[in-house]
Structures are given as structure tokens and as C-alpha cells.
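Please go through the assignments in this model one at a time, setting each value against its cut-off.

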Amino acid sequence: MRRGGPPALHFLAMGVALFTLERVVAGPRGRAGPPAPAAAPLLTPDRLAQLRADFTRQGGVSPTPDQEQALAAQAIDDEILYREALVRGLDRGDRSIRYRLAEKMRFLADGQEGDGDEERFYRDALALHLDREDLFIRRMLATKMRLLAERGEEDPAPDDAALEAYLDLHADHYREPERTSLWHVFVSSARGAACERDARALLARLRADAMPTTAPLGDPFPFGAYVRAASPRELAKHFGGTFAAGVARLPVGEWAGPVASPYGLHLVRVEAREPGRVSPLAAVRARVLAEMREERRRERLAAAMAALRAKYGVQRAGAAQESRG
């Protein structure tokens, strides 16, 4: 249960603590931007309250302070992107926006103006600032601006040296899992109370007689008695997680156990373990290239958003404290 002052005031205080907001005065090439969007606050108390209410309705609980900060930060970024899209004229010439505004104006006219033409309805809608009240249009323009910021200047395709360097830097991300080959003798849980006793007797016999791994002992198992080069995930898929974790601790070249699975007990002889290794570039080139480009895309967007926040007078609280210190 949330405690404290009225929600709107509490949320507004949080927003002020998170951001320093200043009025935007500069447009492209140093000229004044659109008067109405520039003069309006980037985030109002009503908008903050709505964000909080939406979060509570969708999740069933009120947002934590950290979640509130994230909501406020995202709302301010979206507003900046929308305003910058207007400054750059991304709304002009967009056929879907033009049609939507014309239809809204046609509906508001309620037949009083006759059919009219789309261009006139569109101009009338702009005069009434209907585009600024339309959530669909705002989101569309914010998305267009975000895509423009992500694209930036086209990066040259990375060469093999750059791909190898990226692979080395993220080696753990491309490491293949350890693989284990093993024999096992299965003792079904259907034996009831005798299951563990029988398993231990079989283990003693296997160790003492050095019986071949193919000897017909134990109970039939649906996946066979031999497993070749299986990863921990593959072992867990067929034998369960407890079995996979138990096998990882067994020595190589001797019978051990019993190791439990959902089906019963297993006496296991690990034949070989292949340690995990980093995949060669030739095997993961497409994946490395895609993830490297995605990382560059995120970096371009982060740099563009930092520049836009500075342009629109938004400063992170941490940065503001550092500058004052």
C-alpha cells in the first residue's frame, strides 16, 4: 500500500527530483521552434498521474519509486521525440497522418460542411491542433524520430578483424556448453522400496566385476543406455535437472551413483567430457554481425537521445548534482 501525500503531488515531486526541466527555445538552425509544443511542459502533473494509474490498472499494484522514475523518463523521452519530429517536419507529407486528421475533422463537422475535400479538412484539423491531441499520431511521430536517430549515418560493414574483436570481447556469450558422453544402468522407481537397494547392489557388482557397459542390466530406459556428447540442457531435457547436475560432479571412467531422475535411479559411467569452447567466427559470423550492428544501433540512439535531452533542457538528476558539486 502506498503512503504519503496526494498521488499527483507525490508523483510530481518524483519527476522534479528525477529531471530538471527548462523551456525549449531553440528550433532548427537556431530559429524558434513551434510555439505551442515548445512552451508546454514536457511532463505535467496530470500526465504523471495518468502514467501511474495506467501502471496500477495493468499490473494490479502501484509502481515502486524506481518504476515511477522509469515511467517518467520514458514519457519525457517520447515527448522529446514527438516534438523533434514536428521540428523536422516528419508529419508533413505523411499520408496516414493526413488521412487520419481529415477524417477526424470530417467527423467533427458532422456533415455540416458537406463532403468537402481532404486537403481542407486536413488544414482545418491542423488549425485546431487535433494532431497534438491524437495519441496514435504522437506515437507514430515519436517512432519515426526514434528510427531516424537509430539510423544516423550508415556504418560501413565490419571486416573480419572487427568481428573477431567483438567475438573475443563477448566470448562467454558465444561459448559452446560442455558435452558429456556416458553409459548408464537404469533402476526404475516402479520397484518401490527395493529401488535404492537394488541400485546399490548393481553398483557394487559393476565396480567389482568390471562388467562391459553393454551388459543387459537394470530396467529398460526409453532413451537407451548410452548418451553421446550431450550438453547439460540436453541431459536435463531427457533425464531432468537433478540428473544433469549430478552427472556434472561425477568422475570420468568409473561407475558412480546412484543419480536420481524423475523415473528412478541411474548408475552412471562418464565416458568423456568435452570442455566448452568459444565458437569460431566462421560458425557464428551471421550472429556476431547482427548483434554487433544492434549494439551500434543502441549506441547511436543513446547518443542522439543525450543530445536531444540537452537541446530540450532535460538533465538527469545525477548529472545535475555532479555539475553542482
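Helices (H or I, at least four residues) and strands (E, at least two) are DSSP runs, numbered from the N terminus; on that basis the chain has 14 helices and six strands. The model is predicted, so local features need pLDDT of at least 70 and side-chain atom pairs count only at pLDDT 80 or more, while totals for chains, interfaces and linings use all residues. Residues are numbered from 1 along each chain as its sequence is written, and side-chain values use heavy atoms, with hydrogens and water left out.

Q: Why is the pair of Phe186 and Phe221 called edge-to-face?
A: Rings of Phe, Tyr and Trp (its six-membered ring) pair if their centres lie within 6.5 Å, and planes under 30 degrees apart count as stacked, over 60 as edge-to-face and the rest as tilted. The centres of Phe186 and Phe221 are 5.0 Å apart and their planes stand at 65°, so the pair is edge-to-face.

Q: What makes Phe186 count as buried?
A: Buried means under 20% relative accessible area, exposed over 50% and partly exposed in between (1.4 Å probe, protein chains only); Phe186 has 6%, so the residue is buried. Phe221, at 11%, is likewise buried.

Q: Why is the pair of Phe221 and Tyr263 called edge-to-face?
A: The ring centres of Phe221 and Tyr263 lie 5.6 Å apart with planes at 75°, so this pair is edge-to-face. Phe221 sits in the loop between H10 and S3, and Tyr263 in the loop between strand S4 (255–261) and strand S5 (264–274), 42 residues apart. Tyr263, with a relative accessible area of 35%, is partly exposed.
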